[in-house]
Amino acid sequence: MRRKLVAGNWKMHGNLVTNKQLLDEVINGLQGSRDADYAVCVPYPYLPSVKSSLQNSNIAWGAQNVSQHEKGAYTGEISASMLNDFECRYVIVGHSERRALYGESSLIVAEKYLAAQKSGIIPILCVGETLEQRESGVTERIIEEQLTAVINLSGVESLQKAVIAYEPVWAIGTGKTATPQQAQDVHTFIRSVISKLDSNTAKELIILYGGSVKANNAAELFVMPDIDGGLIGGASLVASDFVAICQAMQN
Ligand code: PGA
């Protein structure tokens, strides 16, 4: 049985005061919930305070990016071992905003994934197509290319210690969610790509959907057989919405 996961991606939002309020409400709302795993991926400077808020809760924490390098002269970068110092369970790699705005190629993303795993951190590997790619019928090719970069570098078994998030770029922050069937189709495709190499890993692989998941559409997405949870952007900043989405996972 695949364990379900709902992870928030705060992106570049929040401050010490609002983070604390948000987490207090989320902790309260999810108290005693054990049916799924929950996490928030937060901006780097807040890791110490988020860790201290969450360490006795059922909510894990993580970061939104990591350097592919172990250490060295990389001004402004953060290594996986630094994330380890703050006991991050997860790190998002290859979010489409990183790929599009910071020029992260699939190879760089694969190196980040490897760096995270070497430090024992679970990478949440984001894959997804743009609207143009979907409309020109190359969604599967794009996703396979993004997956293959990681498999080539780390091997297919590495996915046993990773999470994949399918995030169609056209659905991120746009209020335009993929239909449950559209998401399910891509999730099935992802599983089939992996299955050709290693059917056990494919069966156990946790695949999240992300892109405008809200309290009012989470349940219909989460009920699909190959959707194992969500990566939640905007709605993870509103405690009641994030809690409602997490609860939709349990039902
Ligand atoms: P969204 O973002 O929920 O605001 O669409 C999802 C994401 O970027 O991970």
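Asp 24 is partly exposed, its relative accessible area being 37% (buried means under 20% relative accessible area, exposed over 50%, and partly exposed in between, with a 1.4 Å probe and protein chains only). The model described here is predicted, so local features need pLDDT of at least 70 and side-chain atom pairs count only at pLDDT 80 or more, while totals for chains, interfaces and linings use all residues. Residues are numbered from 1 along each chain as its sequence is written, and side-chain values use heavy atoms, with hydrogens and water left out.

The partner of Asp 24 is Lys 20, and their side chains meet in a salt bridge with an N to O distance of 2.9 Å (a salt bridge is a side-chain nitrogen of Lys or Arg within 4 Å of a carboxyl oxygen of Asp or Glu). Both residues belong to helix H1 (residues 16-30), where a spacing of four residues separates Asp 24 and Lys 20 by about one helical turn. Helices (H or I, at least four residues) and strands (E, at least two) are DSSP runs, numbered from the N terminus. Lys 20, at 44% relative accessibility, is also partly exposed.

By this rule the count comes to twelve salt bridges. Another of them pairs Asp 37 with Arg 3, with 3.0 Å between the closest N and O atoms. Asp 37 lies in strand S2 (residues 37-41) and Arg 3 in the segment before strand S1 (5-9), so this pair ties together parts that are 34 residues apart in sequence. Asp 37 is partly exposed, with a relative accessible area of 22%, and Arg 3 counts as partly exposed at 37%.

A salt bridge also forms between Lys 51 and Glu 87, whose closest N and O atoms are 3.2 Å apart. Here too distant parts of the chain are linked: Lys 51 sits in helix H2 (residues 47-54) and Glu 87 in the loop between helix H3 (80-85) and S4, 36 residues apart. Lys 51 counts as buried at 19% relative accessibility, whereas Glu 87 is partly exposed at 48%. Elsewhere, salt bridges that share partners join Arg 2, Lys 4, Arg 191, Asp 226 and Asp 228 into one network.

Attention turns next to the strands. Strand S5 (residues 122-127) is mostly covered, with five of its six residues buried. Strand S4 (residues 90-93) runs parallel to S5 and is joined to it by four bridges (two strands pair if DSSP finds at least two bridges between them). In this pairing, Val 91 stands opposite Pro 123 of S5. S5 is likewise joined by four bridges to strand S6 (residues 163-166), again in parallel, and Cys 126 stands opposite Ala 165 in S6.

Finally, there is the ligand. Of the 13 residues around the ligand, Lys 11, His 95, Glu 167, Gly 173 and Ser 212 come nearest (a residue is near a molecule or strand if one of its heavy atoms lies within 4 Å of it). This shell divides into four nonpolar, seven polar and two charged residues; Ala, Val, Leu, Ile, Met, Phe, Trp, Tyr, Cys and Pro count as nonpolar, Asp, Glu, Lys and Arg as charged, and the others, Gly among them, as polar. A polar side-chain atom of Lys 11 lies 2.8 Å from a ligand oxygen atom, and a side-chain N or O atom of His 95 is 2.6 Å from an oxygen atom of the ligand.

How values were computed
Polar contact = N/O pair within 3.5 Å; in protein donor to acceptor, adjacent residues only side chain to side chain.
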